[in-house]
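Hi there,

Here is the structure I promised to pass along. Below it you will find my notes on what turned up.

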Amino acid sequence: MARGTSALVGWLVLVCLAVVVPASAALVWTSGHAPATLSGKVAAIWRLTGETMRLGGATGSPAGVALSVLLALVALVYVSTLVGLITTGLTERLIALRRGRSKLLERGHVVVLGWSEQVFTVVSELVAAGANQRRSAVAILADRDKTAMEESLQSKVGPTGRTRLICRSGPSADPAVLALTSPATADSVIVLPPDASRGDADVVKALLALRATARGGDATVPVVAAVRDSRYLLAARLAAGSRGVVLESDTVTARLIAQAARRPGLSLVHRDLLDFAGDEFYPAAHPSLAGREFGEALLSYGNASAVGLIRGGVPWLNPPARTVLEPDDQLLVIAADDDTAELADCASLVDERSVAGPRPSETRPERLLVLGWNRRAPLVLREWGRNAPPGSVADVVADEDEAVVRAACDDDRDVGDGDGEGDGPGWTCVALRGDTTRPETLAGLDLGSYDSVIVLGQEPRAGEPPEEPDTRTLVTLLVLRHLERRTGRELPVVTELTDDANRPLAPLGPGADVIISGKLIGLLMAQISQNPHLADVFDELFSADGTQIHLRSAADYVVTGHETSFATVVAAARARGECAVGYRSRADARRAPGYGLRLNPPKADRRRWSDGDEVVVIAGEGRRGAVRSGGLPLPRRTHRG
């Protein structure tokens, strides 16, 4: 082999002749019809050898034999070359397909750009969303090996049913490579933030590449992207164009952590509304309701929960009950699917005698314990402090420089929205230096005095060896759980995890609030990609001062200890200017998988309400803005581009 092709061919010929000639001679000599003369036998051996080696085997004059061998060699070279060319072409084509560099011939598909912790959540939700479609496809473009991507998706996503997953390999910031996914014919494009430190810059570059592939310089399909650093938010929105939605993932995660800390169990509601497995937000058009008030629409669905309306393409959550529905309005409902909301007059199911009277509200200072520190910690404290009652205290225990923590707290307390509520030094931040994985650190705290606990994961520091994500968080939870058993009090704990695979490992009580930042953003991006109008809805629900989801005592709505219908709860919430969309049973709060939560129950469902039950409502002061000629406030439109 070291001597080259000619040596290989020569030795191959010699080896073949060394086998074929003796075998041919043995066949001729042992045959019953062998020639009698020696020359005849030699000629027979030659013919058999030529037929075996495809050399013709003609006999006659030496010149005729030579020409016969020459023609046979030419035919052999031609056939071998033709087979080699065909094999090489097929091999190159298979390699190109294996590398994921072929043009995608699809229409109406979803394009996912990038590879990060959210990709499995996004793809899983898109598969669930396409389960009732005859044919759907999801194209993933990332700068990774195509086979490795397919194997990872197959192992973590599982069976995809009618949805086809198509992987393409290459940098998403290259317009030529991006064109392989046919983004112009897609229904939507999702741009995932990479896990690297420069992930936000890569998102902006991918959005610019998407603009470069689109005609006219602007994306023609809805685009959903996410960035972590607010410094890249404006650039990403400008690059995404007028039909783009850019989420600030750290801010959204921080708001949900802060909301869950104040209202335990709220993460269960968010998870149920964001995934496609349960009930979601859908627009419902029923012209027969035109001219009626929104308050009547709350009891006009037996299997759906009205929470707002869409007027002029702008969602309006929890409008006043006396808002008159216009012919072009669409109701925003929570339902199992986009075609399952059916009209049914449920007003007769309301039991006025079971509606509870008003109860005095109590506002007292709150005590919050934050264990750990990362880049989202200042945002969590800021969001928690916006609605903290005067005199509230947030104790921060972290293996971080106390000056850094105090500076972040001071900066957050100096930031306000200008309405005087939640601004200024209404709450106090206390920085305590300590390792939250050590029992003596937590044992020195008066855990029973805190209303809620937030456990944040620590990010790797420069110069330190990287460790598995959530390792310190799991250790902290173990120590915290041990101290809870010693004190006899189970604290409301909100835990932030990075990897969804670590959720079963977390030593938490049943139904505890767990915020998995990557999965949460992935669910949100998947929902908006399928229903672009939900961008304004979620922006309002997750805002700091808008209409939000609340968990409130059932005793505020109905008389406890009596059996009554859920329609009665809806009517009681309507009287308070709220939309009731579900409840959480205290008796089932420790039972998986729902942990007592039931969203969008039928209005006819009857149950006995207890003091520990909670009602899920959508309420808040989300109606700031101009006033229509009829005296009703206009819905607030969120600027995104």
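There are six aromatic pairs in the structure, where rings of Phe, Tyr and Trp (its six-membered ring) pair if their centres lie within 6.5 Å, and planes under 30 degrees apart count as stacked, over 60 as edge-to-face and the rest as tilted. One of them joins Trp115 and Phe120: with centres 5.5 Å apart and planes at 85 degrees, this pair is edge-to-face. Trp115 and Phe120 are both buried, where buried means under 20% relative accessible area, exposed over 50%, and partly exposed in between (1.4 Å probe, protein chains only).

Before going further, please note that this is a predicted model: local features need pLDDT of at least 70, side-chain atom pairs count only at pLDDT 80 or more, and totals for chains, interfaces and linings use all residues. Residues are numbered from 1 along each chain as its sequence is written, and side-chain values use heavy atoms, with hydrogens and water left out.

Phe120 also belongs to the buried residues of helix H4. H4 (residues 119-129) is mostly covered, with nine of its 11 residues buried; among them are Val119, Thr121, Glu125 and Ala129. Helices (H or I, at least four residues) and strands (E, at least two) are DSSP runs, numbered from the N terminus.

Tyr583 sits in strand S19 (residues 579-584) and Trp609 in the loop between strand S21 (606-608) and strand S22 (614-619), so the pair ties together parts that are 26 residues apart in sequence. Trp609 has Arg607 over its face as well, at 4.6 Å from the ring centre. Likewise, Arg576 lies over the face of Tyr557, at 4.7 Å from the ring centre. A charge sits over a ring if NZ of Lys or CZ of Arg is within 6 Å of the ring centre and within 35 degrees of the ring normal. Elsewhere, Phe281, Phe538 and Phe542 form one aromatic cluster.

Some backbone details may interest you. The peptide bond from Ala592 to Pro593 is cis, with omega near 0 degrees, and Pro593 is in the loop between S19 and strand S20 (597-599). In the loop between S20 and S21 we find Asn600, which has a positive phi of about 55 degrees although it is not a glycine. At 8% relative accessibility, Asn600 counts as buried.

Happy browsing, and write back any time!
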